[in-house]
Amino acid sequence: MKKIVIALAGLGILVGAFSAYAGPEEDRQKLVSYFKNKFPDLKFDDYIYSALAFDPDAKSQYNSIMEFPPYLSELEKGEKLWNTPLKSGKTYADCLPNGGKMIAGNYPLFDDARGKVITLEDALNDCRKVNGEEAYKNADPKTMGLLSAYMRTLSDGMKVNIKVVGEGALKAYEDGKKTFYRRAGQLNFSCGSCHVDNAGLRIRSELLSPVIGQTTHWPAFRGGDKLVTLQKRYEGCQKNVRHVSDKAGSTRYNNLEYFHSYMSNGLEMKSSVFRK
Amino acid sequence: MRKRTSIITAVLATLLASSAYAAETGKDIAFNRSKGNCLACHGMPTLPDAEQPGESGPPLIAMQARFPDKKVLRAKIWDATASNPESFMPPMGKHQILTEEEIDKVVEFLYGL
């Protein structure tokens, strides 16, 4: 009898431990099923189109613009930066895993040795530094923006594949999650207020995009040729809702990007895209 | 005739709103994107110039019937999260998005909808 009680108690602790653990994958699954209930007609793969997925007219305009995107010459500048050897004579392709191809979906990643999140922009800057160059400014549209825009095209079709393994990684993820869901600023919005609770609805004439899929297509060329990186968009978003914004590349934004990108796991990457 | 009157009213309203000396009406404050910005989330089905409203909040209509006690309506605007913590609505008074006087004007305006 005593044995049974102990066994049952043990089971209880085990079950308790499991149900209390809210890991990243559980967070993501919850969001996926939340949106599935909310928008039963929307296919999972269509979330990469963000707000366009809810507006057939805007989507068809997007499709025709994407047949011959106005920013191709900008991407060519990025390609030139990518192919130009660094001071050491090596190129970015020499420095990155798999020659820089089909890897963008793994970023941001958590670097245990350095104890922090490394974005793709950080990885490119690391290449520059070890090869005798100075780092680019994180979100500078003329340098890092163009370089990363081209580099990400080499991962078109890769599925987002963010991993959160180990205590440090989980801590960074949780910090990003907190930034995403915490209400703040004069208007008292969280990122989630708009991009979870009100996703798919219009704020005045603008459709609010769902969090899932948001990170798959950056940098975006807004209005045709104005390059905006994901973290530059964070700055703009926070200013719009009267939060205190950071500068792109801050630890808070890197952790946010880590959480944010995880929520797009399994979706196809496509760089770059047109956005109005 | 009615149409002409409404055009004249609209022109006058625009002129008044653009004049630095004109006092802002409750409607001005409600429509102003950097002030009330009510239309971002709420439709006002009885007002033809309430164009392209957002969909997140309930439409602002029959306000007297819905809020027989004006104080309840004012409290909603001042801090909607006090009565519903899940509310998405910015706390207009609590976070000083609008002044107390501006909120009073908006309440009067809404009471006419």
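Here are a few questions and answers about this predicted model.

Q: How much area do chain B and chain A bury between them?
A: Interfaces are often sized by the accessible area that is lost when the parts come together. Here, 51% of the buried area lies on carbon and sulfur atoms. The area that chain B and chain A bury between them is about 1500 Å².

Q: Which residues of chain B lose the most area to chain A?
A: On the chain B side, 22 residues are in contact with 16 residues of chain A. Three of chain B's residues together account for 38% of what that side buries. They are Glu55(B), Phe88(B) and His95(B).

Q: How many residue pairs are in polar contact between chain B and chain A?
A: The side of chain B that touches chain A divides into 10 nonpolar, eight polar and four charged residues. Across this interface the rule finds zero salt bridges. For polar contact, with both residues at pLDDT 80 or more, the count is 10 residue pairs.

Q: Which strands are the edge strands of the open sheet of three strands in chain A?
A: The order of this sheet is 6-5-7, with mixed pairing. An edge strand here pairs on one side only. That picks out strand 6 (226-228) and strand 7 (273-275) of chain A.

Q: In which sense, parallel or antiparallel, do strand 5 and strand 7 of chain A pair?
A: Strand 5 covers residues 220-222 and is joined to strand 7 over three bridges. Within this pair, Ala220(A) stands opposite Val273(A) of strand 7. The sense of the pairing is parallel.

Terms used: Residues numbered from 1 in each chain as written. Chains lettered and ligands numbered in written order. Predicted model: local features only at pLDDT ≥ 70, side-chain atom pairs only at ≥ 80, totals over all residues. Heavy atoms only, no water. Contact = heavy atoms within 4.5 Å. Buried area = accessible area lost by both parts, 1.4 Å probe. Salt bridge = Lys/Arg side-chain N within 4 Å of Asp/Glu carboxyl O. Polar contact = N/O pair within 3.5 Å; in protein donor to acceptor, adjacent residues only side chain to side chain. Nonpolar A, V, L, I, M, F, W, Y, C, P; charged D, E, K, R; others polar. Pairing = 2+ DSSP bridges. Helix = DSSP H or I, 4+ residues; strand = E, 2+ residues; numbered from the N terminus.
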